[in-house]
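Subject: A structure for you to look at

Hello,

Here is the structure I promised to pass on to you. Please open it beside this email and follow along as you read.

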Amino acid sequence: MENLPLFGPAAPEEGWVPAPRYLLRRRRILHQLRNFPPCDVIEVGCGAGMLLQELSVRGFRCQALESSPQARELIARLSVKTGQTVNVHDAADPAWTGRFPLVMAFEVLEHIENDDAAMKQWASWLAPGGTLLLSVPAHPRLWSAADEWAGHYRRYQRQDLINVVEAAGLKVEHVECFGFPLGNLTEQMQARGIRRRLPATGADLDHQANSNRSGIERDHVMRWYPVMRSLPGQLALRCAFAAQAMSSGLPFGNGYLIRARAG
């Protein structure tokens, strides 16, 4: 287990290291949370739960809703190593209604066939004045084998995402398009690799199985991680972060990050 400021926590010995898209998204999420006081927080579909590990260190009281048995097992092992508490649930609790000042769901909504119902449920968990942070893959025109491999139902146009959030009774406060240009490039590279091996990997798996593995499988990143954490790799990543920040108001990236508030 290691924790580098630029990358956050990683567990190469467990087969989990941060992918470039995760790092780009994490950077923008932490920017949104920079002045957010510690509170009760729940993340839907947290994968390995690494972001919650970071928030727990900052004093947040962390809950997670995760349907993947593989992910829940990984979170339990990592929590033992870090000493941070993340309470993980495999089903929603009726007691969550109106409970959380902060609800987060990153790269989850696109896995759910009825996204309107899911959004309304998540919104119902917000305390009055609470904040929802949400990210999704952007632009249907970018649909690729990587979306099929991950078990996605869709990618989102900006206005379509806003409509889903507002239909749940939330007020949109901020929308940005993240990932440009590094996220676009790495997603294309991943899609090409998946296309070459898709008949041998994902064709025989059902939609839920694809979704379950997508949040924790990092085979495609492990071999690149030593290069990423080298000094030249870190310099390149800092440049990518700067380019992403400068272009976040433009529709060039491959993901949307939205912040909305309950009334």
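A residue counts as buried when its relative accessible area is under 20%. Please keep in mind that this is a predicted model.

Let's begin with Phe7. With a relative accessible area of 1%, Phe7 falls under the 20% limit and is therefore buried. Its ring has a partner, Tyr225: the two ring centres are 5.9 Å apart and the planes stand at 80 degrees. Planes over 60 degrees apart count as edge-to-face, so that is the name for this pair.

Now for a second pair of rings. Trp96 and Trp125 are also edge-to-face, with 5.0 Å from centre to centre and 85 degrees between the planes. Trp96 sits in the loop between β5 (86-89) and β6 (100-106), while Trp125 sits in the loop between α4 (115-124) and β7 (126-137). This pair, too, links distant parts of the chain, 29 residues apart. Both partners are buried: Trp96 has a relative accessible area of 1%, and Trp125 has 3%. Together with Phe100, these two tryptophans form one aromatic cluster. In total, the model has five aromatic pairs.

Next, please turn to the helices. At what angle do helix α1 and helix α11 pack? The angle between α1 (residues 20-32) and α11 (residues 231-247) is about 55 degrees, and their axes are 11 Å apart. That angle makes α1 oblique to α11. The crossing of α1 over α11 is right-handed. On the α1 side, the contact is made by Leu23, Leu24, Arg27 and Arg28. On the α11 side, Leu237, Ala240, Phe241, Gln244 and Ala245 take part. Sorted by kind, the residues of this contact are six nonpolar, one polar and two charged.

Arg28 deserves a moment of your time. This residue of helix α1 has a relative accessibility of 9%, so it counts as buried. Leaving aside neighbours within four places in sequence, Arg28 is in contact with Glu176, Phe178, Gln244, Ala245, Ser248 and Leu257.

Helix α2 (residues 50-57) is mostly covered, with seven of its eight residues buried. The buried ones are Met50, Leu51, Leu52, Gln53, Glu54, Leu55 and Ser56. Just after this helix comes Gly59, which takes a positive phi of about 105 degrees.

Is Thr85 buried or exposed? Its relative accessibility is 51%, so Thr85 counts as exposed. You will find Thr85 in the loop between α3 (69-82) and β5. Apart from neighbours within four places in sequence, Thr85 is in contact with Ser56 and Cys62; Ser56 is one of the buried residues of α2. For a sense of distance, the C-alpha atoms of Thr85 and Pro137 are separated by 29 Å, and the two residues are 52 residues apart along the chain.

Enjoy exploring!

Best wishes

Technical notes. Residues numbered from 1 in each chain as written. Predicted model: local features only at pLDDT ≥ 70, side-chain atom pairs only at ≥ 80, totals over all residues. Heavy atoms only, no water. Axes fitted to C-alpha atoms, helices over the stretch in contact; angles between N-to-C directions. Helix = DSSP H or I, 4+ residues; strand = E, 2+ residues; numbered from the N terminus. Parallel < 35°, antiparallel > 145°, perpendicular 65-115°, else oblique. Left-handed = near helix turned anticlockwise from the far one by under 90°. Contact = heavy atoms within 4.5 Å. Nonpolar A, V, L, I, M, F, W, Y, C, P; charged D, E, K, R; others polar. Phe/Tyr/Trp six-rings, centres within 6.5 Å; stacked < 30°, edge-to-face > 60°. Buried < 20%, exposed > 50% of the residue type's maximum accessible area, 1.4 Å probe, protein only.
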